[in-house]
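Here is a short briefing on one protein model. Look over the sequence and the fold, then read the points below.

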Amino acid sequence: MSKLKKDRPIDLLYSIVTALMAVLIPVAAYFGNFLHIIVNSPIFAWMGQAQGNKQDKGDTLTLWSVNRFVKDILPKLNFGEGSTDKSAFWQAIAPIKVALICTIVFLALALIISIAVFVLAWFSKLKKTTLLVATGGIVSLLSAIISFNFVVIPLTNGTITLGAFFSNLLGLMMSSIANLTLIKFSTGYYIMLFLFIGIVLWIGSYLLIELGEKEKRQTINN
């Protein structure tokens with residue numbers, strides 16, 4: 001498929017800016033910090049206070065990106081047939097499975113929409129269609145964070161403990177020494193959202209300029 005010829009420099013600028021913002025969305029999703037997680041441990045609090053830090057509450061902040069998960073965690077996961085943690089893991093996420101699936105689906109949909117925006121912006125002149133599709137990206141991301149809240153609540157209020165993801169003694173130990181206190185989307189998610197908003201505002205501004213030029217030409221012709 002060859003790129004359509006643009007009539008004016010501003011048309012080329014429209015395509016370049018829109019396509020660039022659309023391309024940056026998957027980049028932000030993969031490399032940006034996506035999860036902000038705080039784990040609290042009474043043991044860490046005691047150790048910190050023993051070292052003289054009386055304000056230490058035992059909180060440990062971790063930022064996770066998809067890139068970090070793929071490189072550091074995914075190769076170490078073992079949920080094969082012989083894994084004793086497999087059943088424990090699926091039992092633990094059972095109460096949040098639907099919300100988790102919805103979150104993943106909405107995030108995946110947002111990525112698909114970003115690709116569609118790129119194709120429409122670079123290979124077509126369907127600006128209104130591109131605007132509607134980009135708006136769908138915003139809706140998908142907002143739906144993702146709503147679904148994600150239903151995932152987070154049981155994990156942070158004690159309904160599902162860290163120990164629930166492990167079997168036997170390890171599970172009991174994890175439940176007693178650490179608990180999740182905060183999980184939320186981080187910069188990667190918000191960069192995606194702001195890029196979609198930027199695309200919508202950019203295309204909307206362009207359409208308003210086109211409308212003004214059209215009305216000006218009609219006034220001159222009359």
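Among contacts in the protein between residues at least 6 apart in sequence, 80% join residues at least 24 apart; contact means heavy atoms within 4.5 Å. This is a predicted model, in which local features need pLDDT of at least 70 and side-chain atom pairs count only at pLDDT 80 or more, while totals for chains, interfaces and linings use all residues. Residues are numbered from 1 along each chain as its sequence is written, and side-chain values use heavy atoms, with hydrogens and water left out.

**Overall layout**

- The protein has eight helices and three strands. Helices (H or I, at least four residues) and strands (E, at least two) are DSSP runs, numbered from the N terminus.
- The order of elements from the N terminus is α-β-α-β-α-α-α-α-α-β-α.
- The protein has 222 residues, and 34% of them count as buried. Buried means under 20% relative accessible area, exposed over 50%, and partly exposed in between (1.4 Å probe, protein chains only).

**Nonpolar core**

- The largest nonpolar core holds 40 residues. Such a core is a set of buried Ala, Val, Leu, Ile, Met, Phe, Trp, Tyr and Cys residues joined through side-chain atoms within 4.5 Å.
- Leu-141, Met-192, Phe-196 and Ile-199 have the most contacts inside this core.
- At least two core residues come from each of α1 (9-31), β1 (33-40), α4 (85-93), α5 (97-123), α6 (127-156), β3 (179-185) and α8 (187-221).
- Helix α8 gives the largest share, 10 residues.
- Met-192 touches Ile-25, Ala-28, Ala-29, Phe-34, Ala-110, Leu-111 and Leu-141, leaving out residues up to four places away in sequence.

- Ser-15 sits in helix α1. Its relative accessibility is 0%, so Ser-15 counts as buried.
- The Ser-15 side chain reaches the backbone oxygen of Ala-121 at 3.0 Å. This falls under polar contacts: pairs of N or O atoms within 3.5 Å, where within protein one must be able to donate a hydrogen and the other to accept it, and residues adjacent in sequence count only if both atoms are side-chain atoms.
- Thr-18 is also in helix α1. Thr-18 is buried, at 0% relative accessible area.
- Beyond its neighbours within four places in sequence, Thr-18 is in contact with Val-117, Ala-121, Thr-130, Ile-199, Trp-202 and Ile-203.

**Val-151 in α6**

- Val-151 belongs to helix α6. With a relative accessible area of 4%, Val-151 is buried.
- Which residues does Val-151 touch, not counting residues up to four places away in sequence? They are Ile-96, Ala-99, Leu-100 and Thr-103.
- Val-151 and Leu-100 lie 51 residues apart in sequence, yet 6.0 Å apart in space, C-alpha to C-alpha.

**The sheet**

- Strands of a sheet pair through backbone hydrogen bonds, either parallel or antiparallel.
- Here three strands form an open sheet in the order β2-β1-β3, with antiparallel pairing. Two strands pair if DSSP finds at least two bridges between them.
- The edges are β2 (59-65) and β3. Each has a single partner strand, so one side of each lacks a neighbour in the sheet.
- The twist averages 20 degrees from one strand to the next. Axes are lines fitted to C-alpha atoms, for helices over the stretch in contact, and angles run from 0 to 180 degrees between N-to-C directions.
- Seven bridges join β1 and β2 in the antiparallel sense. Asn-33 has Ser-65 in β2 as its bridge partner.

**Salt bridges**

- The structure holds two salt bridges. A salt bridge is a side-chain nitrogen of Lys or Arg within 4 Å of a carboxyl oxygen of Asp or Glu.
- Asp-72 pairs with Arg-68, with the closest N and O atoms 4.0 Å apart. The two are four residues apart in helix α3 (residues 66-73), so about one helical turn separates them.
- Asp-72 is partly exposed at 36% relative accessibility. Arg-68 is partly exposed at 33%.
- Lys-127 and Glu-210 form a salt bridge through their side chains (4.0 Å, N to O). This pair links distant parts of the chain, with Lys-127 in helix α6 and Glu-210 in helix α8, 83 residues apart.
- Lys-127 is buried, at 10% relative accessible area, whereas Glu-210 is partly exposed, at 25%.
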